[in-house]
Amino acid sequence: AQSNLRAAAGSAGIDPDRLVFAERTELSLHLARHRLADLFLDTFVCNAHTTASDALWAGVPVITLAGKQFAARVAASLLSAIGMSDLVTHSEDAYFALARRLSDEPENLSAIREKLVEGKHSAPLFDTARFVRHLEQAYVPVHAKTCLGQAPSDFYVVSPVEA
């Protein structure tokens, strides 16, 4: 994969030595090295999932192209949950235009990074306490119906999630 990526970079006029392949490491170091990136360019067809979440947690803006299937909409959901839907695009042209614009506007990119860092402890995406509270609330009717002898396949739990 590394040789193929280096060859593709070279074919595109990018010095292959600019590509950095990171070794596996502990989570804190993994997240710390994310902060070295200016911008996270999400993949098409199958979006980044945990990797995009890690980048956002580290304060790295993520640009994504929302697709039609679940795997192509994960990063859009993550960005929506952190209040940054403006980084979600819906065409390849819009995706590349946004990437170019942000790379040409370091002050705008810096403002996005600051918003990520400031909001990561209050945005729903990283509000673990809220997630746990909602999950526990969803379990209450499931438990009650199970105690009445109903199998999980006999019911669905639909509960609105508070903002």
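Buried denotes a relative accessible area under 20%, exposed over 50%, and partly exposed anything in between (1.4 Å probe, protein chains only). The model shown is predicted, so local features need pLDDT of at least 70 and side-chain atom pairs count only at pLDDT 80 or more, while totals for chains, interfaces and linings use all residues. Residues are numbered from 1 along each chain as its sequence is written, and side-chain values use heavy atoms, with hydrogens and water left out.

View 1. Cys46, at a relative accessible area of 43%, is partly exposed. The structure holds zero disulfides, a disulfide being a pair of cysteine sulfur atoms within 2.5 Å.

**View 2. The largest nonpolar core and Phe40.** A nonpolar core is a set of buried Ala, Val, Leu, Ile, Met, Phe, Trp, Tyr and Cys residues joined through side-chain atoms within 4.5 Å. The largest one has 29 residues, and those with the most contacts inside it are Phe40, Leu56, Ile63, Leu79, Met84, Leu87 and Leu102. At least two residues of this core come from each of α3 (50-57), β2 (62-65), α4 (74-81), α5 (92-104) and α6 (106-119); helices (H or I, at least four residues) and strands (E, at least two) are DSSP runs, numbered from the N terminus. Beyond its neighbours within four places in sequence, Phe40 is in contact (heavy atoms within 4.5 Å) with Ala48, Thr51, Ala52, Ala55, Val60, Pro61, Val62 and Ile63.

**View 3. Helix α4 and its cover.** Val74, Ala75, Ala76, Leu78 and Leu79 of α4 are buried. The elements covering the buried residues of α4 include α3, β2 and β3 (88-89).

**View 4. The crossing of α2 and α3.** The axes of α2 (residues 27-34) and α3 come within 8 Å and cross at roughly 70 degrees; axes are lines fitted to C-alpha atoms, for helices over the stretch in contact, and angles run from 0 to 180 degrees between N-to-C directions. Helix α2 is therefore roughly perpendicular to α3, given that angles under 35 degrees count as roughly parallel, over 145 as roughly antiparallel, 65 to 115 as roughly perpendicular and the rest as oblique. His30, Leu31 and His34 of α2 make the contact with Thr51, Asp54, Ala55 and Trp57 of α3. His34 is buried, with a relative accessible area of 15%. Not counting residues up to four places away in sequence, His34 touches Thr51, Asp54, Ala55, Ala58 and Val60.

**View 5. The packing of α5 against α6.** These two helices, α5 and α6, pack at an angle of about 100 degrees with their axes 5 Å apart, which means that α5 is roughly perpendicular to α6. Here Arg101, Leu102 and Asp104 in α5 meet Pro106, Asn108, Leu109 and Ile112 in α6.

**View 6. The loop between β1 and α3.** Val45 is located in the loop between β1 (40-41) and α3. Although not a glycine, Val45 has a positive phi of about 70 degrees; Val45 is exposed, with a relative accessible area of 61%. Asn47 is found in the loop between β1 and α3 and, at 3% relative accessibility, counts as buried. Asn47 and Arg73 are 26 residues apart in sequence and 6.7 Å apart in space, C-alpha to C-alpha. Residues up to four places away in sequence aside, Asn47 touches Asp42, Thr64, Leu65, Ala71, Ala72, Arg73, Val74, Ala75 and Ala76.
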